[in-house]
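Subject: Structure handover and notes

Dear colleague,

Please find below the structure I promised to hand over, with my notes following it. I would be glad if you could read the notes beside the coordinates.

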Amino acid sequence: MDDVVDVLVIGAGPVGLTMAIALRRLLLRVRIVDQAAGPNHEARADVIFPRAGEALGALGVGETIRRHAYEMRSVNFYGNGRQLGCFTAGRFDSDYPYAMTIEQHDIELLLTEELSGLGVDVEWRTEAIDVRQRDDHVLTTLRLSNGVIQLAPAAWVVACDGRRSTVRTRLGIGFDGKRRTNMQVVQGNAVPAWALRDRPGHGYIFLGSRCTVLAFPTPGQGYRIFCIRDDPEPDRTEPPTLDELRDLVGTAAGIPHLRLGPTESGWLSRARFSDRIATEFRRGRVFLAGDAAHAWAPVGGHGMNIGMLGAHNLAWKLAAVHHRQASDTLLDSYDVEQRAIARAVIRDMKFNITEILLPEPLHRLRNVFLRAALPWSGFQRRVEWLMSDFGRGHRDSPLSRQESRRIGCLCRAGDRIPDIFVARGAGEQPIRLHQLLGYDRWTLLLTVARAEPAIVRRLQQACAGYAAAIDIVPIAAMDRSSARHLTSVHHVTLVRPDGHVGLVAPLDRLDALRDYLATFLVPRDPGSDRAVR
Ligand SMILES: Cc1cc2nc3c(=O)[nH]c(=O)nc-3n(C[C@H](O)[C@H](O)[C@H](O)COP(=O)(O)OP(=O)(O)OC[C@H]3O[C@@H](n4cnc5c(N)ncnc54)[C@H](O)[C@@H]3O)c2cc1C
C-alpha cells in the first residue's frame with residue numbers, strides 16, 4: 001500500500017511533537033494529527049529539566065529551545081515569609097546543565113516549526129476516533145477538519161493523545177491509579193510588584209503548610225506562578241482570578257499587600273490530578289507515550305519531561321525495528337524502562353520536601369531542616385541530581401547488561417553515560433563525550449590506551465555483520481574526576497543511541513559483546529555496504 005505511512009503520531013502536544021521529530025530524524029515517513037485547532041493555550045508545564053534538554057539537543061532542537069528560554073541558575077527558598085536559603089544549579093557535566101523555563105505553549109510552537117522544517121506539518125482539527133490492528137499495519141479512523149471520515153493506514157501508531165487518550169480507551173487498556181485528594185494546582189502568569197529582586201533565571205519557592213508557591217521568571221510572561229494548595233472546595237472548577245492567585249502568593253510569601261499585574265497571555269488555570277499508569281504501553285503495533293501512558297500530579301514538574309524522554313526512548317527503537325536493524329524484542333524494552341521511570345517519579349513525589357504540602361508541625365520542621373541543609377553542598381547536589389533526571393536510568397532493563405562487577409567506575413549498564421570531557425588521543429582537544437554519540441547509531445567506547453590495531457580489528461569484526469550503525473570510539477579521560485565515570489582500560493562500554501549504557505564487558509570477553517548484539521540486532525543484508533566505523 002503506497003499510502004501507508006511508517007508512523008502515525010496521534011496528538012501534537014509536546015510528546016507527540018518530540019516523537020515525530022525523532023522519527024523524522026531517523027528517516028521515517030511520519031504523519032501527525034491533532035484534534036485541536038493549534039498548540040494549547042493554557043498555563044501548563046514551563047520547565048525543561050537538563051536530561052530532557054539533552055534529549056532535545058540530540059534531536060537537534062535543544063539549542064532552539066534554549067534560545068527562547070531562561071536558564072535557571074538559582075532558587076531562593078522562603079518558609080512562612082522568612083528566607084531559608086538559596087539553591088544554585090549547574091553542578092553536573094552537561095551541555096544542558098540548567099533547567100530551562102519556557103511556556104509549554106512556546107515549546108509546542110517551536111517543536112511544530114522544527115517538525116515543519118523536517119517536512120511534516122501537523123494536521124490540526126483531525127481527530128482519531130478508532131484504531132484497529134491488522135497483521136502488518138494499523139488502521140486508524142480519522143475525522144478530518146471538514147467532517148470527512150478517513151481510514152489512515154500506518155505501519156505503527158504512537159498515541160500521544162494525553163490523559164484521556166482515545167486510543168488507550170479504544171484498545172481497552174486500563175489506566176490504573178488514583179486521584180490525588182486534597183490537592184489542587186492554581187497557576188498563572190503574572191508580574192508581581194514586590195521588594196524581591198527580579199532577574200531572569202532566578203526563581204522563588206515560598207513554603208506554607210497549606211500552599212507551596214513556585215515563581216519562576218518565564219520569557220515574555222513575567223513570572224510563571226504555580227501554587228500547589230489544599231482543596232477545601234473540590235467541586236470548584238472555574239478558572240482562578242488574578243486576585244485569587246495574588247492572595248495565595250501573598251500569604252505563602254508573607255507579603256500581605258502584594259500586587260500582581262497581568263501578562264499578555266492572561267493564562268490562569270485550576271487543575272486537579274490523578275497518579276496513573278497504563279497497564280500496557282504497547283499493544284502490537286500501537287504504543288502509548290506521554291500522558292496517554294502515565295500521568296501524575298505536577299509536584300516536581302516532570303510530566304512533560306518524562307513524556308519527552310519516553311519519546312526519545314521509543315523513537316530510535318521503533319526506527320531500528322522498522323528499518324529491520326533490530327529485533328522486535330527491542331520494542332518491548334520501552335514498556336519495561338518507561339514504566340519503571342513512571343513508577344519512580346510517582347514514588348519520588350511523596351518525598352519531594354521542597355514542594356509537597358505538610359501538616360503544620362511537619363512544615364515547621366521542614367523549615368528548620370531546609371535552613372540547615374540548604375547551605376550544605378551534598379544536599380544541593382542530591383536535589384539537583386533528582387531534578388535533572390540524570391539519575392533516571394534503566395539498570396533493571398533487559399537491554400542493560402553488566403558482564404563484570406569490578407569495572408572501576410560509577411557508571412553502570414542502564415545509566416545515562418555522563419557528558420564528561422574526554423580526548424580522542426594524546427594531544428587532542430577535549431571534547432564532550434555526548435558529542436561523540438549519535439541518535440542514529442550505537443557507540444562502542446574503549447580507552448585510547450587499549451586501542452591497538454589488533455584489538456580495534458577484533459571489535460570491528462564483532463560489530464560487523466549488523467545492519468545497525470556501530471561506531472567504535474577510543475577515548476581517554478581528561479582528569480581523575482572524569483576518569484571516575486569511565487570504565488577501566490580492561491572494559492568496553494556499548495552506548496545506545498539514546499545515550500544510555502547498554503553493555504559493559506571485559507575487553508577479553510568479546511563473546512559477551514557478540515551475544516548482546518546478536519540478541520537485539522539483526523544481521524546485515526549481505527548486499528548492503530554499511531561498514532563499522
Ligand atoms: C495545570 C498543569 C500543570 C502542569 N505542570 C507541569 C510542569 O510544571 N512540568 C511538567 O513537566 N509537566 C507539567 N504538566 C504536565 C504536562 O502538561 C503534560 O505532562 C504534558 O502536556 C503531556 O504531554 P502530551 O503530549 O503527552 O499530552 P498533551 O499535552 O495532553 O497533548 C495531547 C494532545 O493530543 C490531542 N488529542 C487528544 N485526543 C486526540 C484524538 N482523539 N485525536 C487527535 N488528537 C487528540 C490533544 O488535542 C493534545 O494536543 C502540567 C499539566 C497541567 C494540566
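**The ligand and its surroundings**

A polar side-chain atom of D291 lies 2.8 Å from an oxygen atom of the ligand, and a polar contact here means a pair of N or O atoms within 3.5 Å, where within protein one must be able to donate a hydrogen and the other to accept it, and residues adjacent in sequence count only if both atoms are side-chain atoms. This is a predicted model, in which local features need pLDDT of at least 70 and side-chain atom pairs count only at pLDDT 80 or more, while totals for chains, interfaces and linings use all residues. Residues are numbered from 1 along each chain as its sequence is written, and side-chain values use heavy atoms, with hydrogens and water left out.

The side chain of Q104 likewise places an N or O atom 2.8 Å from an oxygen atom of the ligand, and G303 has a backbone N or O atom 3.1 Å from a ligand oxygen. Of the 990 Å² of accessible area that the ligand has on its own, the protein covers 91% (Shrake-Rupley method, 1.4 Å probe; for residues, only the protein chains shown count as cover).

The shell around the ligand holds 32 residues, of which D34, Q104, Q187, D291 and M304 come nearest (a residue is near if one of its heavy atoms lies within 4 Å). The shell divides into 13 nonpolar, 13 polar and 6 charged residues, with Ala, Val, Leu, Ile, Met, Phe, Trp, Tyr, Cys and Pro counted as nonpolar, Asp, Glu, Lys and Arg as charged, and the others, Gly among them, as polar. Its largest share, 3 residues, comes from α7 (helices are DSSP runs of H or I with at least four residues, strands runs of E with at least two, numbered from the N terminus).

**Two residues to look at**

S333 sits in helix α8, residues 329–350, and counts as buried because its relative accessibility is 2% (buried is under 20% relative accessible area, exposed over 50%, partly exposed in between, with a 1.4 Å probe and protein chains only). Its side chain makes a polar contact of 2.9 Å with the side chain of K317.

C409, in the loop between β22 (401–402) and β23 (421–423), is also buried, at a relative accessible area of 13%. Not counting residues up to four places away in sequence, C409 touches R484, H485, L486 and T487 (contact means heavy atoms within 4.5 Å).

With best regards
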